[in-house]
Amino acid sequence: MSDFSNRTKGELILEIKNMNKSFGPVTALKNVDLNLYRGDVLGLIGENGSGKSTVSSIAAGMQKADSGEMTFLGKKWSPTSMINALENGIGMIVQESGTIAGITVAENIFLGNLNQFSRFGFINKKELYKRANDVLRQIGIDNIDSSMIMGSLDFQSRKLVEIAKVIMKEPEVLIVDETTTALSQNGRKILYGIVDRFRKENRAVIFISHDLDEIMEVCDTLTVLRDGNIIRTFKKEEFDPDQIRLSMIGRELEGDYYRSDYEHVYGEKVTISLQNATVNGHMYNINLEAHEGEILGIGGLSHCGMHTLGKVLFGAVKLDEGEALVDGEKIKNEIFATKKKIGYVSKDRDNESLVLSASVKDNISIAGLDIFSIGNFLVLYSKENEYVKKQIDSLSIKCSDSGQIVQTLSGGNKQKVVFGKWIGCGSEILVLDCPTRGVDVGVKQAMYQLMVQLKQEGKTIIIISEELPELMGMSDRLIIMKNGRIEKEFLRSKDLSDAEIIGYMI
Amino acid sequence: MEELASRNKIKFDKYRLKKLVIALLPLVALIALFVAYLIILNANDYNVSMNLKTLLNQSIVLILVATGAIFIFTLGQFDISLGANTLFAAVIGTLAYKASGNIFVLFLVCIVVAVACSLLNAVIASIFHLPMFVTTIAMLSVLTALATFLIQSEGTASGTSFSITLPSNLVNDLSAIDTPAFKISVVVIFMVLMIFIFNFTKVGRKMKFLGGNQNCAKLTGISVSLFGIIAFALAGLGAGLGSSMTVVYAHTVSTTTASSIGMSVFIAIVFGGMPINGGARSRIYSALIGGISYNLMTNILFILFQSMQGVRDGLVQVISGIFFLAIVFVASINYRSKNLPR
Amino acid sequence: MKISKFMKGTVALALAGVALAACSGESTEKVVKVGVLVADVSGEEALGFKSYLQNYVAKQYNYEFIYSPQIESAEQAKSQAETFIGQNCKAIIDMADKNRGDLAKLCNDNQVYFAIGSGMMSDEDFAASKSLEYFVGQIGPNMTTEYETGLAMGQYYKDAKNVTKIGVYGAFIPNPMHLYRMAGLLTGLGDTYKGATGQNIVFTVFGDGAQFDASNIAGDVAIDYCAGFDNEGAIFATVGQIIAKNPDAFLSVGMTTTFFADTLDGAGVEYSDIDSFTSANGNHMKNGSLGYLAGKYSSSLGPVFAAIKSAIDGKAIRTEAGEAFSLSQGYWTAKSSEEFEKFQSADSVENPIFNKTLLDSLIGLSYTEFVNEVAKDRTPQ
């Protein structure tokens, strides 16, 4: 790599001109122009399908544009792959998983460059692990050992390794694509530190996020995309959340975002509960009750055990001690849970809540087959179509028709399909794990309002989330977990402060 | 704005059209092959009705076994013991037929044995928490060994091998039903049943879902082991019918009976457009279309290369292999969905 | 006038030619197609037969011999036979031995001639098939011939070679052909199996559920036995062990030249086999230690062809009772390299034993004459 010691702030480092990209019938980018300058942290924000990930993934070599030009460091830029792009100065940390589960952390970091450790065909593992550990420590990761198998780490740790891998190559341009949702406080700190360093060293960063507060905090410039077009670019001085939201969705957000009331009102009947519930290694001695018409929030850091708790409530994880009960009966397994009208929305949407290769119709109707079939057998197509249409309409799922393959939907619409699956079959209890992750603003609002409506219908909703504002905005009661135990319970109130709550989380 | 909408619509219709074309490709290929076959037969002045009868005979067992097996493939599983199961069921069925003289017994025993053996795969896998494929490997050895033992001890020797043969009166009875009409009826009834289960029942739906993503299916309250068992039972039904039809046709069972079924099943369903991983895009009629297409193709190739006797067999295999790879490739293009970014 | 006479003459000539062509029993334009069912597509013996049919007979008689792909099961055989019928074959020669009785009936139902080119039908099948009009018949070593071949081998090694300890390869025992040969071999050596000799050995083995147990062999000649069938993984190791004990000879009822020839040549152990007169085997006899080979020669298929052609020409060769024939044909035995070469050169593709002259003389013969011709000893002197 050439010497970049003379980096001048404000110099044009990456130029994108007239870029177009379509996926089948859907246009992702339309005549997009983008300029990135040294020393600048450029934020890209927009709803799902706006094109923000597309344009940056093309710059990072993940895919090719249909037309348009890119110029990087004054030369024509057309990387053949992400590895090629990273070698030549542009690195990207992707939203979903960018590492390989079956090999060690060290092998992931040095993927493609293992030859430097090999002598006579054998890899010097000691050297490999030492160097990899150095890389990790350098960016402040000290709780991961590079000899560990990638797959044994949790999602956040994997993400941190991915960051280390990219940063090790010292790219001139770093693209961060919705990475912070996977990270805890500490992880975010590390990432922000890197972004700051890049700014100071007159490199450049493209920062893609949904979180308006975060992006306004971190970025110097903010470009809003919508439907594949650049709408507006805001300089730091011009940052205004309402204006930005307006540009993003093209209209004013009407009505409430979260709940408008501050009361914690719910029915008396206990619908689902945990008694002295323990899953070794994850959660200990949990006692918990949820009621009819209640929104129960469960929050904490990502390892606090709440995700396991969600699975326990659905019967997907067996307890080592204690009981999980629904209507007084033990929750044996998932089949029992669904029979008892419990619905479960997983944090890992693509792997656990959806069959990506199946249609919208299949994914929605699968939980409600009993409703439109005769006896044990005959599925009535016409009734099924009605059933699915109802969900598509009421949730405003954007799809060409119910036969569209779910994989081709945007994140928000995918989540709506998952909701449709559980609401359509009349779930009385909904366990929602990170229900608005990767979902944009307009859809989020619709989901929150839906939850309010379900609460009013007497359903029990349990929200497990790492987003504190969401929990504070929606819950009747908020339970905070730490290290597998319940730390504190808060009742809904106007005076609730996030500082106080965070104190119990960390 | 409207122009944008209509442009999007045109683009989208082209996209939908492309998807439709790819979905119909196996059927179109079958029709094309069939027409080509008729043309070649006529050009060579061959007996068309005899050749069509032969095609039916070549295809029927394969169609029956493969269609049943589609349920297993839909789950994303694989059963390597299908051929052995068919053989074993044929052996027991033939012995029962010999003892009773009743054709109905032949069919009943073949089906019951095949279903039982197939079920055993899934049940053992479920009890011991093994992948189903592993139990089918064990079944393959066990059933083959059992069948061989029975054939050698109960069968008669002729020339270089042992076989269980039937007395001429029973052979005559079988010959009476060894007709195109009967065979087509069996296939039709079976296909109707399978199509019904696959497309119109909760069982079929859940299986397709399970094959698409086992984790998600589990988290939607679908029992992995239960539907595995059902799939294997249905596959056993296909194998049982196939084995009885083999006996009806060949009037004998030897250790090489149904020897090629295992691989042929896989080839047939791939030719018919079935996705290798199963899941939502599985099609119950893949075996029907693919089985006939495959046999048509090899028959055509054998006729075309008739004169190149020395290299004919090798050439036919190579070309079949190339077609097979091409089909897998085309199917995977369709399957590799285009990722929209978030 | 001249022209019209010329025209008349031409037309008359043409008519005459057409009449002549119509009159002739043989259709000179159309090739006669014969399907051949085979289980072995690559062995030298099989290739020898194929070469005789396709490179000699086909050219001499305007016939086309279409070979099936390798046939493994009864269904496949039947399906292939149906394919041949659908391709207008006038006859089918079966060398695959998969449910021959059924095939005979199938061909008969479709007016296609059926003959057996190697081996024989079971007695029951033959009894059921012999009255079928389109079943031509079978010529081959029957079980007694197989027994006698093994017997001759055993006697030779006992009397002429004075062996006292030998290795024996059992090939596909308990399959009948090899079992009969083994029975003959043991008897020729003077040994017994569970006290039985002669063809009784076969019945004894069948009585034991077709299980052949070498520990039941007793007698003056000690036998170190290697089973072929059901022992596939261990045959090379076992034979290696046998050779290491330095036997007087290594005798075989089949398949030894296929598997162990190089090993035995390398160890210098004399061996025997029942196979065919291929150049590879000739090499083993000349340069290696193959000492005794009983085999079929390629044109031994000749009489079968002659019988088929007779039938197609409307002069079917039938027994006095109007039934298909079943004739025995034995093996040639070479005990030296010179004999081998003599046999090999006696029957080449260019100049086979059953050449056109001889074949022509067989076509349309009466049954008795045909039997005599087939039974003639044609061993080259």
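Domain bounds here come from an automatic or database domain assignment. This is a predicted model: local features need pLDDT of at least 70, side-chain atom pairs count only at pLDDT 80 or more, and totals for chains, interfaces and linings use all residues. Residues are numbered from 1 along each chain as its sequence is written, with chains lettered from A and ligands numbered from 1 in the order in which they are written.

**Exercise 1. Domains of chain A**

Task: State how chain A is divided, then describe the contact between domain 1 and domain 2 of chain A.

Solution: 
- Step 1. Chain A splits into domain 1 (12-249), domain 2 (258-341 + 428-506) and domain 3 (359-425).
- Step 2. Between domain 1 and domain 2 of chain A, the C-alpha centres are 33 Å apart.
- Step 3. Domain 1 of chain A puts 12 residues into the contact, and domain 2 of chain A puts in 9 residues. Two residues are in contact if their C-beta atoms, placed from the backbone, lie within 7 Å.
- Step 4. On the domain 1 side, helix α8 (residues 241-249) of chain A gives the most, with 3 residues. Helices (H or I, at least four residues) and strands (E, at least two) are DSSP runs, numbered from the N terminus.
- Step 5. That side of domain 1 of chain A holds 2 nonpolar, 6 polar and 4 charged residues. Ala, Val, Leu, Ile, Met, Phe, Trp, Tyr, Cys and Pro count as nonpolar; Asp, Glu, Lys and Arg count as charged; the others, Gly among them, count as polar.

**Exercise 2. A sheet in chain A**

Task: Give the strand order of the open sheet of 6 strands in chain A, and find its edges.

Solution: 
- Step 1. The order is β6-β9-β10-β3-β11-β12 (chain A), with mixed pairing. Two strands pair if DSSP finds at least two bridges between them.
- Step 2. β6 (90-93) and β12 (229-235) of chain A each have a single partner strand, so they stand at the edges with one side left without a neighbour in the sheet.
- Step 3. From one strand to the next, the twist averages 20°.
- Step 4. β3 (residues 41-46) and β10 (residues 204-208) of chain A pair in the parallel sense over 4 bridges. A:Val41 has A:Val205 in β10(A) as its bridge partner.

**Exercise 3. Chain contacts**

Solution: 
- Step 1. Chains A and C share no contact; their closest C-alpha atoms lie 35 Å apart.
- Step 2. On the side of chain B that touches chain C, α2(B) gives the largest share, 6 residues.
- Step 3. The residues of that side of chain B divide into 5 nonpolar, 22 polar and 2 charged.

Technical notes. Axes fitted to C-alpha atoms, helices over the stretch in contact; angles between N-to-C directions.
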